[in-house]
Amino acid sequence: MIRRVLACTAVAALLLAGCGIPDESDVTVVGPGPSTGTSSGDNGRRTPIARNSTSDRIQFVANYLRAAAGEYDGALDRVKQFMSAGTRESFNPPAAPRVIRLTEKPLINSTEDRVVISYQLLGTLGKNGLLEPSSEQVEDKYELVLDEVPGDGLYVVQAPPFLLLSDTAVTEYYDEHTIYFWNTDQTGLVPDVRYLLSEVPKEQQPTIIVNWLIGGPAPWLQDAVEPLPDGTKLENKVPAIDKDRLQIRLSAQAVPTEGAVEAMEHLRIQLQWSLRSLLPEYLDLTVGHQQPRSYSGEDFVASNPASRLLPDPERFVVYDRSVRRLSEASRPTSDFVPGIAPDDNKDVSLAALTTSGTAVFAALVTGSGKNERLRVGSAAIGNQVVLKEIPGLPTGLGHPIWAVTPENDAAGAVGLIIAGGRLWRFRAQGGPVQEVSSPGTAGQITAITVAPDGHRVALVVGGRLYRAVLNLSGDGQALTGLQQVFSPLTSVTAVDFSGEGWLAVAGAGRDDGRTSIIYTSIDGVLQSPVLPDMGNEVVTYLTAYPANPLKQRNNVGSVLYSTSNGRNAFEALSLAVQIGAKDLAGPSGEPRPDVVPEAPFFLN
């Protein structure tokens, strides 16, 4: 199946009359409604956390760092409730809360009222639900000065000039919600992760989400996706679902006159994916003065390449310098390796295989040292690939990956490989490599991964984690929209996409420097452990098979990896499980202690 394939959407032959004259009525943007605080209450609403609800200073500070969570326009008032009257009057912070991760427990001196908060700045949370990462790495300290009034409790009398929101409060009070934009080729959808306040009533959520779409994509995605047409407006609020129908009315500008049939089809698919978790049986879409068009069923799902991801992917390793399939309980134990002829399956150190609906793509690193070579090719499904050597690469080849594999154009497939600490692009039909620039980074590139949509990438440069857009158009081959992602790890060594909006990341933990593998959201705010303590072994390579958004939690993907402690291959389950010769499909021959499976990968 396809992982990094650009889906080609078959546009239905719907007939539109004219697009009509646009209505110019005002648009009412409905937010979450008034928030009452930051603790759980009944009916999805939260009752206030009173300033004087605790005399414990640590808990008081934790409550203060939660207060900004909630309806955006009320954040300032909620935070001011924790302050003395004089402090409230002089407190005039920027509107967007700063999201921080505490790097130590708050330090409270028993002889004074000063509280020191050691933090890592993650970014700002906007009204559009977007967590925008900080433009630079900031780890510092904030100070709060508290005062306790007998009989009235604690107050903040001195605070940093910002609304502060802890990452744990984001986890506690917001839900991830993914919206989607068409890529610039109009061949597939690209995810854009936002945060929706969990207490928002369900009937208000479609209005918020549609307005996020109208507001445009996250800045880092702008080179990869198409925004909705200028002038697109939501005509009043989206009404509550009635008789299993969700009704959306947009201004006439939402569908241009030229190419109206295809544009209408793309619009409804974009809305269906962005509202998928809220959709009843029917979506009724009205554009301008046209009659409503009704949509139902699951025909929209194929426009998102991630919908094709398998629950049980095929796994491979390199064993005794050959690519070998791992045995799977759910499929025959054949040792067949798709696309690779037996005569070519020799002297292999690293490999990548992927398929589209019509072709198989192979990339093999063979030889060693100065004789290391990258050989690539494609063939129709069921045929063997004719491998061609890729000239012009420096020594020190990393793991190749297939970034783009078009459905019906094998010649348009593009792969990536790190060599000499730099990123290079190659094509399935061979030919010289071209360097992909990464402006704004310093240091050697040590890991690269491409999302199932074929546009978003994550990479490791100089031990730091970044996200970017892969721009391969014309001669301007570069990573654009580059932003550093501040994961909980201090030094990152490996990364891969584990879901639409999540990454599997390996590196050194903050507290003790011991190796960990974690899941982290693509903005670095949310996290979930995979293998939290792996000792001092360094994970040199990690590969994940992302979760299908239709069937699995977004951050759960299968994870395989290798470490610096010799050639090896592991699977990250509840514990690290080393892959051995016994796990190979087909005959493995006599056991050889000095030969073990290594360089694991998935058939993407």
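Tutor: Two strands pair if DSSP finds at least two bridges between them; helices (H or I, at least four residues) and strands (E, at least two) are DSSP runs, numbered from the N terminus. The model is predicted: local features need pLDDT of at least 70 and side-chain atom pairs 80 or more, while totals for chains, interfaces and linings use all residues. Residues are numbered from 1 along each chain as its sequence is written, and side-chain values use heavy atoms, leaving out hydrogens and water.

Student: What is the bridge partner of Ala362 in β19?

Tutor: Strands of a sheet pair through backbone hydrogen bonds, either parallel or antiparallel. Here, Gly377 in β19 is the bridge partner of Ala362. Strands β18 (residues 359-366) and β19 (residues 373-380) pair in the antiparallel sense over eight bridges.

Student: Which order do the four strands of the open sheet have?

Tutor: The order is β17-β18-β19-β20, with antiparallel pairing. At the edges, β17 (348-355) and β20 (388-389) each pair on one side only.

Student: Is Glu598 buried or exposed?

Tutor: Buried means under 20% relative accessible area, exposed over 50%, and partly exposed in between (1.4 Å probe, protein chains only). Glu598 has a relative accessible area of 14%, so Glu598 is buried. This residue lies in strand β37 (residues 598-602).

Student: Which residues is Glu598 in contact with, leaving aside its neighbours within four places in sequence?

Tutor: Contact means heavy atoms within 4.5 Å. On that basis, Glu598 is in contact with Val317, Val318, Arg567, Asn568 and Ala569.
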